[in-house]
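I opened this notebook to record what I looked up in the structure. The entries follow the order in which I consulted it.

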Amino acid sequence: MAVFATEKTVVLVQGITGKEGAFRTKRMLEYGTKIVAGVTPGKGGQEVHGIPVYDSVEEAIKAHPEINTVVQFVPARLAKDASFEAIESGIKNLLIIAEGIPFQDTMEIIAAAEEKGVTVVGPNTSGVISPPICELGACCQSAFHGPGKIGVVSTTGSVQWYISRLISLGGWGVSTMMQIGGDPIRGTDFPEALLMYEKDPQTEAIVMIGEIGGDAEIRAADLIERGEVKKPVIAYIYARTAPPGKRLGHAGAIIERGGGVEAKVKALQKAGAIVITYPWEILGAIKELGIEPIPELFKTPIKESKIEE
């Protein structure tokens with residue numbers, strides 16, 4: 001089954017005629033993602049890699065009512081208007097790639113999405129991938145093998161690629177990897193993602209890759225402790241030794257006051273999660289859970305687009 005990116009996902013790409021939008025559309029298509037339409041205002045009537053382009057989301061929906069997901073490749077300054085257009089169209093899943101969207105704009109996007117029942121992943125996400133079914137965004141396809149048993153949710157890109165690759169090489173495979181974004185304000189956060197994986201019959205365990213800043217990992221620990229997430233959770237907190245006040249990479253990765261990594265680790269351990277100190281400990285942690293590898297994965301090549309990054 002997998003989450004967010006599934007066999008039933010039918011995609012519209014906002015910003016499809018831009019350089020990144022066109023390039024990623026081709027890679028997603030080659031991976032097998034069902035993209036049926038693109039939108040760029042003023043460029044309706046064109047085609048990008050055989051995908052028809054429309055001037056508005058409304059026009060695209062009229063022509064392709066089966067669309068249920070938007071992948072958005074537009075600049076941060078245009079993301080608010082583009083997101084509102086997607087949300088008001090009735091589409092239920094929105095993935096926002098742009099980084100650096102003003103906080104006020106993001107808050108308004110998230111509030112509108114909640115009102116309309118739209119699930120938002122991002123902003124500042126690299127994407128979601130359910131190997132070998134569907135890729136949304138800009139994932140490192142070669143890191144993933146599947147369909148697998150382990151769900152991966154992360155605020156980071158590079159660390160998550162590494163851990164996902166180790167899970168693939170171990171033979172467990174990844175059910176879905178969801179990179180929720182590194183901004184302080186985001187749509188789907190750790191608690192919401194854990195609940196998605198909890199409902200997914202394909203996922204046997206969840207790997208949560210957090211970092212300094214914010215309190216989402218502690219709220220996720222509360223869910224586990226309350227029994228709302230019963231599947232085993234393995235957690236890794238990135239940048240444990242970062243000094244307070246020092247921002248590392250993401251806008252959301254900064255210790256501003258109180259708590260910090262130590263509080264997150266304590267909360268997760270108290271809730272029953274396995275907390276690893278180094279990324280490579282993921283292999284031992286999954287073995288500790290007794291989850292058996294999938295023999296077929298050792299015989300099947302990793303699915304990947306032939307278009308180079």
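Entry one: contacts of a single residue. I noted that the model is a predicted one. Leaving aside residues up to four places away in sequence, I found that Thr6 touches Met1, Ile133 and Cys134. I then located Thr6 in the segment before β1 (10-14).

Is Thr6 buried or exposed? The cut-off for buried is under 20% relative accessible area. Thr6 has 18% relative accessibility and therefore counts as buried.

I traced an open sheet of seven strands, in the order β9-β8-β11-β10-β12-β13-β14, with mixed pairing. At its edges I found β9 (134-137) and β14 (274-276), each of which pairs on one side only. On average, and with direction ignored, neighbouring strands of this sheet are turned by 15° against each other.

How many bridges join β12 to β13? I recorded six between β12 (residues 205-211) and β13 (residues 233-238), and the two strands run parallel. Within this pair, Ile206 stands opposite Val233 in β13.

Entry four: helices on the sheet. I saw that helix α8 (residues 260-271) packs on the sheet and touches β12, β13 and β14. The direction of α8 makes about 175° with that of β13. Helix α9 (residues 282-289) also packs on the sheet, where I listed contacts with β10 (150-154), β12, β13 and β14. For α9, I noted a direction at about 160° to that of β14.

Note on methods:
Residues numbered from 1 in each chain as written. Predicted model: local features only at pLDDT ≥ 70, side-chain atom pairs only at ≥ 80, totals over all residues. Heavy atoms only, no water. Pairing = 2+ DSSP bridges. Axes fitted to C-alpha atoms, helices over the stretch in contact; angles between N-to-C directions. Contact = heavy atoms within 4.5 Å. Buried < 20%, exposed > 50% of the residue type's maximum accessible area, 1.4 Å probe, protein only.
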